[in-house]
Amino acid sequence: MSVDGDPRPAGAIERCDVAVVGGGPAGLSAALHLARLGAYVILLDEAEELGGQYFKRRQGSVLAKHGDFRPEGTSLISAVRASGVRCWTECSVWGVGEDERTLLVAGPEDEPRSVSARAVLVATGGYERSIPFSGWQLPGVVTPGYALHLATCDRIPVGQRAVVAGTGPFLLPVSCALLDVGVEVAAVVEVNRPYRPSLRVAAALAHPARLAEFASYRAVLARRKVPLLQGWQVVEANGSGALERVRIESVGGREAGREYDVDALAVAYGFRPATELVRLLGARCEVRQGDLFPRTDGRGRTTAEGVYVAGESAGIAGVHVARLRGEVTAASIAADLGLPGAAEPARATLRRLRRGEAFSAVTADLYPVPDSLISGLCDGTVICRCEGVTAGQIRAADAVGWNDRNSVKGATRAGMGPCQGRECAPAVAALCGASGSTEPFPARMPIKPVPIRVAMGESAEEVS
Amino acid sequence: MSGERDDTAVCVDGVEVPAAVGQSLAGALHDAGIRVLRRNLVTDEPRAPFCGMGVCFECEVSVDGRLRRACQLHVRPGMVVSTGREHDDER
């Protein structure tokens with residue numbers, strides 16, 4: 001049973017003080033603080049175990065053989081479970097009721113559940129910023145996050161020989177993890193030039209601990225003679241039925257292109273916040289570089305009353321900031337609900353949060369996504385991988401003169417597949433010529449695909 | 001092959017495949033050489049796990065009769081998995 005407590009019959013509304021959606025670092029941290037203040041908290045996560053992506057647990061025989069991975073995650077999860085938080089795993093929040101507050105949930109057996117809370121904390125994390133390119137839908141092309149989880153949690157190499165590409169500091173630990181499980185890393189291909197002296201790099205000097213971490217990854221890559229190319233981008237993945245070859249070109253085309261024979265390519269351009277639920281709950285977001293960021297007061301309050309956001313879904317800043325945001329947002333919720341024992345966050349906590357957020361701003365400056373990645377795509381490139389819609393089809397629909405991106409979506413079906421535009425929406429928006437002034441696509445229910453009977457509010461028994 | 005796949009088996013499209021309890025199902029299939037898990041319904045192209053975190057749905061397979069994302073599940077003894085690798089008249 002992965003639904004804690006004494007669950008009411010499927011269909012009944014479960015009431016609580018705070019519903020926390022997402023059991024990663026931010027959600028765990030917030031749930032723990034709120035439970036310690038006496039709040040009745042339900043923590044929902046769609047995975048089988050809490051932890052989110054960063055604290056994803058090793059399990060079963062992999063755990064027995066290789067030991068725990070990131071043990072601080074295990075202790076945090078244990079503390080949450082011991083604190084009285086009711087943990088609902090394998091529970092997908094797919095919608096919001098007519099009152100704009102009740103969470104509609106598909107349970108472990110796809111049974112419909114709903115949760116009505118005085119406060120909803122969205123801690124749904126982020127996901128990797130994938131940018132389409134020719135052949136990105138080929139088997140063998142993955143996100144760096146997936147390659148990392150295969151290496152760390154499952155101890156499985158993503159391939160024999162790999163290219164790791166995109167942008168961001170994350171590419172370095174991913175490359176090291178791949179080396180650690182025996183993958184030959186042919187090259188790390190970074191589209192920016194963050195590892196050269198510049199004024200922007202100098203700003204990072206104020207954060208020596210993080211710099212030391214990056215230096216250790218670079219030392220491993222140098223020792224293993226893995227080339228770290230800067231100012232290069234992946235332009236094409238090729239292969240018959242699966243990836244066989246990757247082509248890269250230098251940004252600006254000053255050098256001749258290069259090709260690598262590989263069976264794996266891990267590529268992404270940083271992360272974007274997962275904001276579907278925040279938006280569905282009526283909170284406003286702003287667009288920066290084509291991605292959506294919830295508006296907050298800096299302490300987790302969104303523009304919608306009773307709706308809060310913490311962690312990567314509030315803006316990409318890494319695990320330390322995620323935990324601090326969870327703590328600070330818990331204090332906001334406790335104050336707003338008038339919980340006994342509610343107090344201002346500790347000054348030291350707020351100071352660490354400010355420092356962490358400042359570092360993430362430096363990082364964002366060092367690893368931008370060049371506009372040319374999307375504007376330079378050939379017409380034949382698949383943009384919406386679910387529906388097989390190409391850049392040419394989207395440009396043609398845009399040229400018809402539709403008033404908005406939803407009409408382009410309707411005309412081409414881009415963004416209408418199972419991933420619901422999570423992978424392609426920003427690229428579609430960019431191809432439509434919108435510079436990111438409005439939302440890529442609005443959030444619509446169900447925000448996660450669920451069986452139709454769940455959306456109809458029926459349980460499996462009633463149907464069969 | 002990582003050498004982890006030695007303590008149980010899952011049934012994939014009618015064939016017993018060695019796996020390790022607690023591995024992600026997507027990882028176990030990858031390790032067993034089963035890279036393609038489905039064909040795109042529109043283009044019929046082969047597809048394989050991409051995001052590994054439940055976003056892209058490229059790893060969706062049938063597990064014990066229900067459509068599940070293989071990256072979100074862990075191997076349990078006796079799992080019965082059916083992929084969409086091959087053409088299926090019913091689709």
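**Exercise 1. Work out how enclosed helix α5 of chain A is, and find what covers it.**

Step 1: Count the buried residues. Helix α5 (residues 171–180) of chain A has seven of its ten residues buried, so the rest of the structure largely encloses it. A residue is called buried if 20 or more other C-beta atoms, placed from the backbone, lie within 10 Å of its own, exposed if 12 or fewer do, and partly exposed in between. Helices (H or I, at least four residues) and strands (E, at least two) are DSSP runs, numbered from the N terminus.

A quick word on the model before we go on. This is a predicted model, in which local features need pLDDT of at least 70 and side-chain atom pairs count only at pLDDT 80 or more, while totals for chains, interfaces and linings use all residues. Residues are numbered from 1 along each chain as its sequence is written, and chains are lettered from A and ligands numbered from 1 in the order in which they are written.

Step 2: Name the buried residues. They are L171(A), L172(A), V174(A), S175(A), C176(A), A177(A) and L178(A).

Step 3: Look for the cover. The elements over the buried residues of α5(A) include the helices α4 (144–152) and α7 (208–223) of chain A, along with the strands β9 (161–167), β10 (184–190) and β15 (264–269) of chain A.

Step 4: Step past the helix. Just after α5(A), G182(A) has a positive phi of about 95°.

**Exercise 2. Describe the overall build of chain A.**

Step 1: Count the elements. Chain A holds 16 helices and 21 strands.

Step 2: Test the size. A compact globule of 464 residues would have a radius of gyration near 23 Å, and chain A agrees with its 22 Å. This radius is taken over C-alpha atoms, and the globule rule is 2.2 Å times the number of residues to the power 0.38.

Step 3: Look at the burial. Of the 464 residues in chain A, 51% are buried.

**Exercise 3. Explore how domain 1 of chain A touches domain 3 of chain A.**

Step 1: Chain A is divided into domain 1 (13–127 + 272–364), domain 2 (143–267) and domain 3 (373–464), with bounds from an automatic or database domain assignment.

Step 2: Count the contact. Domain 1 of chain A gives 19 residues and domain 3 of chain A gives 20 residues. Residues are in contact if their C-beta atoms, placed from the backbone, lie within 7 Å.

Step 3: Find the main contributor. On the side of domain 1 of chain A that touches domain 3 of chain A, α8(A) gives the most, with four residues.

**Exercise 4. Count the residues where chain B meets chain A.**

Step 1: Chain B brings 33 residues to the contact and chain A brings 35 residues.

Step 2: The largest share of the chain B side, three residues, comes from α1(B).

Key: Contact = placed C-beta atoms within 7 Å.
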